[in-house]
Amino acid sequence: MLHTYCLGILLLVAGSLALYDQPSDVVELTDKNFDSLVTNNDDVWLVEFFAPWCGHCRNLVPEYQKTAKALKGIVKVGAVNADEHKSLGSKFGVSGYPTIKIFKGRDHSQYQGQRTANAMVEAALQAAKEMAFARLGKKSGSGDKSDVITLTDSNFKELVLDSEDMWLVEFYAPWCGHCKNLEPHWAKAATELKGKMKLGALDATVHTSMASRYQVQGYPTIKFFPAGKKSSGSVEDYNGGRTSTDIVNWALDKLTENVPPPEIIQVVDEETMKACAEKPLCVVSILPHILDCNAACRNDYLTMLTKLGDKYKNKMWGWIWAEAGAQTSLEEALELGGFGYPAMAVVNAKKLKFSTLRGSFSETGINEFLRDLSFGRGRTAPVKGAQMPKVSKTEPWDGKDGELPPEEDIDLSDIDLEKDEL
């Protein structure tokens, strides 16, 4: 009897450790077989890193199984129990579950699309297409060469040295084989980093002045120019890998190091609204009226938003807030306020689409909301009016508690207190 009970417990535990039955079109990957099957292989792999206790992982199972079935014989699909094989999760920077990555040998990138079979199949086929064209020595269109800025001796100072932007600059020679191999990766990285860091390329055989200034002795040579005022001492040698993933990851690390937390800006006029228009995404918070939430209460919200802004600072998003009722056009355009305050939406000002926070206005609730958006998940809706709303000019908050309007004296001389109005 005890033996049967223990066996049942063991089977229950074993079942909880795996989400995909074997045999399955989803290949079980472990720390023992990962390198031989994935990173040391020429195949394209779609790999999910999951935890057995993760609800979102369990919800993904049917779609992921359909994906594996559809891609059978075309792209390999695998899954790693990252709760058990922690070294793999750590090696590939997995910080949440489920995380899906696309591997092309040692080159890997994070899948950020929707968690549907259609979307995952499309992304995997695009990766296979890129690999096939790369073997032909051609680009598949995954990176836009126009996103790489052409630099010369004459425009280098104005575009790079005098700008506030961060730059990665490749010094190359047209005849250099390594430079030609780098070109598609450089273009793809430039596209992925657009709006966060600028990537440029300078023909060092023609524009020798800048090449000499930065002691370029081999090709390609890549230099990093930090944000703000630049000097010869602030320039760094790029020491990362040569794939687009390596370049992007290196750049994002630099962004995290050098970018201060974003300012949480109160919307008081059109000028302050530019914090939204010029960013990839903009986080819009509507906080309660100062009479409903005093200075200490409001500062607690702003402190929390600042902390979250710091966490997501490498995304280069804009962060703004307004007092309830102060910017009614903004609230209406993003469908905020109808279910109480505080409220939040994230808007893409260029695409005129937004997504609304439906969970709690708390650090945990907002973090989950923003994390889903950063991976391309979440429902969106078009901005009402098909344009960003007009902003009313208001006074900025002075940091103090609100004051009720003074009470008016009531003249009782004309009221007959003895008359029974009932």
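In α13, the buried residues are Gly365, Ile366, Asn367, Phe369, Leu370, Arg371, Leu373 and Ser374. The model is predicted.

Helix α13 covers residues 363-374, twelve residues in total. From first C-alpha to last, α13 reaches 16 Å, close to the 16 Å expected at 1.5 Å a residue. An α-helix has 3.6 residues a turn, so residues three or four places apart point the same way. The cover over the buried residues of α13 includes the strands β4 (99-104), β12 (282-287), β13 (318-323), β14 (343-348) and β15 (353-356), together with the helix α11 (295-311). Following α13 comes Gly376, which has a positive phi, near 80°.

Among the elements that cover α13 are β12, β13, β14 and β15, and these strands also belong to an open sheet of six strands. The order in this sheet is β11-β13-β12-β14-β15-β16, and the pairing is mixed. At the edges stand β11 (265-266) and β16 (381-382), each with a single partner strand, so one side of each has no neighbour in the sheet. Strands β12 and β14 run antiparallel and are joined by five bridges. Cys282 is placed opposite Val347 in β14.

A further set of pairings involves strand β3 (residues 76-81). Five of its six residues are buried, so β3 is largely enclosed by the rest of the structure. Strands of a sheet pair through backbone hydrogen bonds, either parallel or antiparallel.

| Strands | Sense | Bridges | Residues standing opposite |
|---|---|---|---|
| β12 and β14 | antiparallel | five bridges | Cys282 and Val347 |

What does a search for enclosed space find? Over the whole structure, one cavity of 30 Å³ or more is found. The volume of the largest cavity is about 70 Å³. Which residues line the largest cavity? The lining is made of Pro98, Thr99, Ile100, Gln110, Tyr111, Gly113, Arg115, Phe375 and Arg377. By class, the lining divides into four nonpolar, three polar and two charged residues. Thr99 and Ile100 are among the lining residues, and strand β4 (99-104) is among the elements that cover the buried residues of α13.

Conventions: Residues are numbered from 1 along each chain as its sequence is written. This is a predicted model: local features need pLDDT of at least 70, side-chain atom pairs count only at pLDDT 80 or more; totals for chains, interfaces and linings use all residues. Side-chain values use heavy atoms; hydrogens and water are left out. On a 1 Å grid over the protein atoms alone, a cavity is a set of points where a 1.4 Å probe fits but cannot get out, and a pocket is an open set with protein on both sides within 12 Å along at least five of seven lines; lining residues have an atom within 4 Å of a point. Grid points are joined across faces, edges and corners, and a volume is the space filled by probe spheres set on the points. Ala, Val, Leu, Ile, Met, Phe, Trp, Tyr, Cys and Pro count as nonpolar, Asp, Glu, Lys and Arg as charged, and the others, Gly among them, as polar. Helices (H or I, at least four residues) and strands (E, at least two) are DSSP runs, numbered from the N terminus. The expected span of a helix is 1.5 Å times one less than its number of residues. Buried means under 20% relative accessible area, exposed over 50%, partly exposed in between (1.4 Å probe, protein chains only). Contact means heavy atoms within 4.5 Å. Two strands pair if DSSP finds at least two bridges between them.
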